[in-house]
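The exercises below concern one protein chain, and each is followed by a solution that goes step by step. Please look at the sequence and the structure before reading on.

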Amino acid sequence: MILDEIGRGTSTFDGLSIAWAVAEHLHDAPGLGARTLFATHYHELADLALAKPAVANAHFEAREVNGEAVFLRRLVAGPASRSYGIEVAKLAGLPAAVITRARQVLAQLEAGELDARGRPRLAAPESATERAQLSLFAATPAQDPREAEVLAELRGSDPLRTSPMDALALLARLRRSLDAPGGSGAA
């Protein structure tokens with residue numbers, strides 16, 4: 001059985017609680033004997049291996065080279081030493097301003113910085129300019145009319161009503177239209 005991201009889409013504590021309970025159930029259910037690959041973003045679940053004898057942790061190795069994460073294709077025993085979510089977001093192409101702000105928020109959370117109400121201090125970016133709404137698509141005006149066409153088509157698409165295969169086809173077609181030399185680039 002392969003389970004991926006159980007508890008995702010809920011609050012952190014709800015999701016972690018659901019994932020923990022599912023893993024315990026799979027481990028403890030009499031006669032079930034489920035051999036399960038349980039992929040999760042909840043680092044806390046690594047502690048289940050301390051309490052449940054048939055639980056073992058593994059992760060794909062990553063190293064930092066010149067301040068950049070390099071993801072290796074080697075599965076090793078034990079939990080990951082840390083999360084690489086921001087590095088993955090950077091590889092996925094999120095704007096530099098988003099990555100910078102994510103690192104600031106992460107540092108505040110890890111340092112336990114709290115506001116006057118005792119909540120994590122997240123809403124206080126370093127400068128007033130960082131308070132502006134960040135956009136994934138609007139950093140600079142399009143240099144090429146094809147870019148404006150691609151952005152318009154992206155904005156007009158509905159990811160919640162698009163199948164994964166249709167989304168992949170759309171992405172490939174849009175990429176071809178940008179890569180086509182001159183003309184409208186229609187694919």
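From the N terminus on, the order of elements in the chain is β-α-β-α-β-β-α-α-α-α, where helices (H or I, at least four residues) and strands (E, at least two) are DSSP runs, numbered from the N terminus. The model is predicted, so local features need pLDDT of at least 70 and side-chain atom pairs count only at pLDDT 80 or more, while totals for chains, interfaces and linings use all residues. Residues are numbered from 1 along each chain as its sequence is written, and side-chain values use heavy atoms, with hydrogens and water left out.

**Exercise 1.** Work out which elements give two or more residues to the lining of the largest pocket.

*Solution.* Begin with the volume of the largest pocket, which is about 1700 Å³. A pocket is an open set of points on a 1 Å grid over the protein atoms alone, where a 1.4 Å probe fits, with protein on both sides within 12 Å along at least five of seven lines, and lining residues have an atom within 4 Å of a point. Of its 45 lining residues, F38, A39, T40, N57 and A58 are the closest to the centre of the largest pocket. The elements that give two or more residues to this lining are α1 (12-28), β2 (37-39), β3 (58-65), β4 (68-77) and α3 (85-91).

**Exercise 2.** Determine which element supplies the largest share of the lining of the second largest pocket.

*Solution.* The second largest pocket holds about 620 Å³ of space. Of the 15 residues lining the second largest pocket, S83, I86, L106, L109 and E110 are the closest to its centre. At least two lining residues come from each of α1, α3 and α4 (96-111), and the largest share, 6 residues, is that of α4.

**Exercise 3.** Find which parts the salt bridge between E68 and K90 ties together, and state how accessible each partner is.

*Solution.* A salt bridge is a side-chain nitrogen of Lys or Arg within 4 Å of a carboxyl oxygen of Asp or Glu, and in the pair E68 and K90 the closest N and O atoms are 2.8 Å apart. Because E68 lies in strand β4 and K90 in helix α3, the pair ties together parts that are 22 residues apart in sequence. For accessibility, buried means under 20% relative accessible area, exposed over 50%, and partly exposed in between (1.4 Å probe, protein chains only). E68, at 39%, is therefore partly exposed, and K90, at 35%, also counts as partly exposed.

Definitions and conventions:
Grid points are joined across faces, edges and corners, and a volume is the space filled by probe spheres set on the points.
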